[in-house]
Amino acid sequence: METFLQVLVSGLMLGALFAIVSVGLTLIFGIVKVVNFAHGEFLMLGMYLVYLFTTKLGIHPLLTSVIVAPLLFVAGVVTQRFIIQPLMSARDDHIQIFATVGLSTALINLALLLFGADIANTPSSGLRTPITFGPVRVLLGQLVILAVSIMLVIGLQAFLKRTQTGRAIRAVAQNRAAAQLMGINVNRIYMLTFGIGAACVGLAASMVAPLYPTSPNIGTYFVLTAFVVVVLGGLGSLTGAFAGAMIIGLIDSFAGFYIGSDVREVVVFGVFLLILILKPSGLFSNRLSLSHVSP
Amino acid sequence: MKLPNLLKMTAAAIVLSASAAHAEVKFGALYPFSGQLALLGEESARGLEIAVDEINAAGGIQGEKVVLVKGDAVDNNQAIGEARRLISLEKVSAIFGTYSSARSIAASQVAELSGIPYFELGAVADEVTSRGLKYMFRTNPYAKDMGEMVVDMVVEKVAPGLGKQPGDLKIGIIYEDSSYGTSVSKHQADFAKEKGLNIVLSSGYPAATVDMSSLVLQLKQAGADVVLQTSYQNDSVLFLQQANEAGYKPAAVIGGGGGYSMQPTADAVGHDVIENVLDVDFTQFLVNTKATPGLEAFVEAYKEKYGIAPRSGHSLNNYVGAKALMESIGKAEGFEPDTIVEAVKAIDIADGQTAAGYGIKFGENGQNERAAMMGMQWQGGKLVAVYPDAAAVSKLNIAN
């Protein structure tokens, strides 16, 4: 029973980690409708920024989010404006995918050039402290990730539903042409959304960097799972992505313990395929989903 | 009077430079110089460069100056392409390399077809020398040597240190599930069974993992006293941290190479957490130099040439292999492939005579049968040699 609880809690913590990394991707995927393969590299970039700010300036890793998130916002806007937007009118959408793959490879090699292949250690500043609840142990930093990911989903949900800009973003997601006819500057909305998506990853980087050593290819560890989470959540639903992340985290944890670490990816992706076959639109595509009408 | 002298001198200079131009032998240096593996690829190549410097300073090979031609094996396809270029365009007499097993396996096939000797100085996969190639030789210890050394250390040091019979220990084997971890762990399991050890858990995991807590729980539940991990860097850090945070403290953790030998790993995990963790890998630098003659001179030469201390033992092992091979070729006449093969087959260097400690003598398959790894331990934030005794600079600590 004690072990079961520990496996359960480890799974939830892993789910929170996947959730905080996937929220930004959900926005970009659900609204701009770009399959952004450079998402993991944005995370990597953010983690290196956190590493630099903590080690060079002595800032607490969590506090770096107030600098790193805006910087990533700018990176996202620039990516959308100068890489994705020129390709939006291309005859084939796949060209954007290749562009993001190219961006991903370029960023990995840029990091190799700047930082080398070795790992960079962000000081954990107390976030690795284990906290015990009866028989169950978690790290303080993991609880922070869980809390921040919940707040992030609630906050973004409110922003999309309550504010004028949020409504405009949803309008663009539902029907790009109609939104444009209503006087919405679609290109501006895309830049804004890509920026917010990237800023979410910047926020995630501040939470993740103190717990995981940073290396140029750290993004590739997360990006595949992030896509699974987003698809499972119904492409563009924030709460769906959060629930999807939790499901993946739990399956990963239970399969890892009760079946074996060597087959846990088989189980995770097997369940993922099964869900897609049974419910092709993802588990949580509902009226709040941003992409149930294609552009 | 002056003019003829000048003419004579010019003529002499032309003759000299012409003969100098002829008197050089080209070898290929095929390593990943860019991309993911660049760090240790370059570190490996530096060992070869220092060996060439020393050979040239001592008059070259058969009186000819050695010239290295670099090839960048950034991935398997490029390794093949660069091997072709080195052989047909640059006309190298042999290729030295490669650090990465996959690239060595790919490129050596090209060399074999062209009948050019291929000298592997650093890749560890079994398949490098198990394919029956005629022109392939490997000087460094490989996966099997690593598995054997790990198990020897458990039987001869860890078990007595704990006051237990080796058979009473519970062994957990975990490994990243690519060909590297899989082959080393298989050798570990084979040797462990041979020595009557009790393996309670054996599990692979993907190296690109972000969570090992379920594996830690499995080991804890199985009651493993000794954990053998074969891993890269991220997963080494992750395992040591998550085991520590889960309150799991096995009596001994023995890492196999990769991440376990690198200083940033210790810095990431924390020096207190990695204290007393054991590691089996290529010979590093904090070792009894009586067992590794020439090691200090190598470190000096390295510092002078590159301005920093060696970053890992890869350079040392490449240096040792390259130097022995080139010296043997120096005793032959000519650079025909079969002459070179015959020369290196005659190498017979006893253990304790090289800067890496191990001797060199090639077996039928081209593997150096005397190659051996070394047992090390993290003590006070430094990786020091502890096994075998002849090479040890510190006592092997067993907690508990």
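Modeller: Two residues are in contact when heavy atoms of theirs lie within 4.5 Å. The model is a predicted one, and in it 32 residues of chain B are in contact with 33 residues of chain A. Between them, chain B and chain A bury about 2800 Å², and 53% of that area is on carbon and sulfur atoms. Of the area that chain B buries against chain A, 24% comes from Val210(B), Asn234(B) and Glu245(B), which is more than any other three residues supply.

Glu245(B) also has a partner across the boundary, for its side chain and that of Arg128(A) meet in a salt bridge, with 2.5 Å from N to O. The count of salt bridges between chain B and chain A is one, while the count of residue pairs in polar contact between these chains, with both residues at pLDDT 80 or more, is 12. On the side of chain B that touches chain A, at least two residues each are supplied by strand S7 (198–205), helix H7 (213–222), helix H8 (233–245) and helix H9 (263–269) of chain B. Sorted by class, that side of chain B has 14 nonpolar, 14 polar and four charged residues.

If we then turn to aromatic rings, a search of the whole structure finds 18 aromatic pairs over all chains. In one pair, the ring centres of Phe285(B) and Phe298(B) are 6.5 Å apart and the planes are at 5 degrees, so this pair counts as stacked, for which the planes must be under 30 degrees apart. Phe298(B) counts as buried because its relative accessibility is 0%.

Methods:
Residues are numbered from 1 along each chain as its sequence is written. Chains are lettered from A and ligands numbered from 1 in the order in which they are written. This is a predicted model: local features need pLDDT of at least 70, side-chain atom pairs count only at pLDDT 80 or more; totals for chains, interfaces and linings use all residues. Side-chain values use heavy atoms; hydrogens and water are left out. Buried area is the accessible area (1.4 Å probe) that two parts lose on being put together, summed over both. A salt bridge is a side-chain nitrogen of Lys or Arg within 4 Å of a carboxyl oxygen of Asp or Glu. A polar contact is a pair of N or O atoms within 3.5 Å; within protein, one must be able to donate a hydrogen and the other to accept it, and residues adjacent in sequence count only if both atoms are side-chain atoms. Helices (H or I, at least four residues) and strands (E, at least two) are DSSP runs, numbered from the N terminus. Ala, Val, Leu, Ile, Met, Phe, Trp, Tyr, Cys and Pro count as nonpolar, Asp, Glu, Lys and Arg as charged, and the others, Gly among them, as polar. Rings of Phe, Tyr and Trp (its six-membered ring) pair if their centres lie within 6.5 Å; planes under 30 degrees apart count as stacked, over 60 as edge-to-face and the rest as tilted. Buried means under 20% relative accessible area, exposed over 50%, partly exposed in between (1.4 Å probe, protein chains only).
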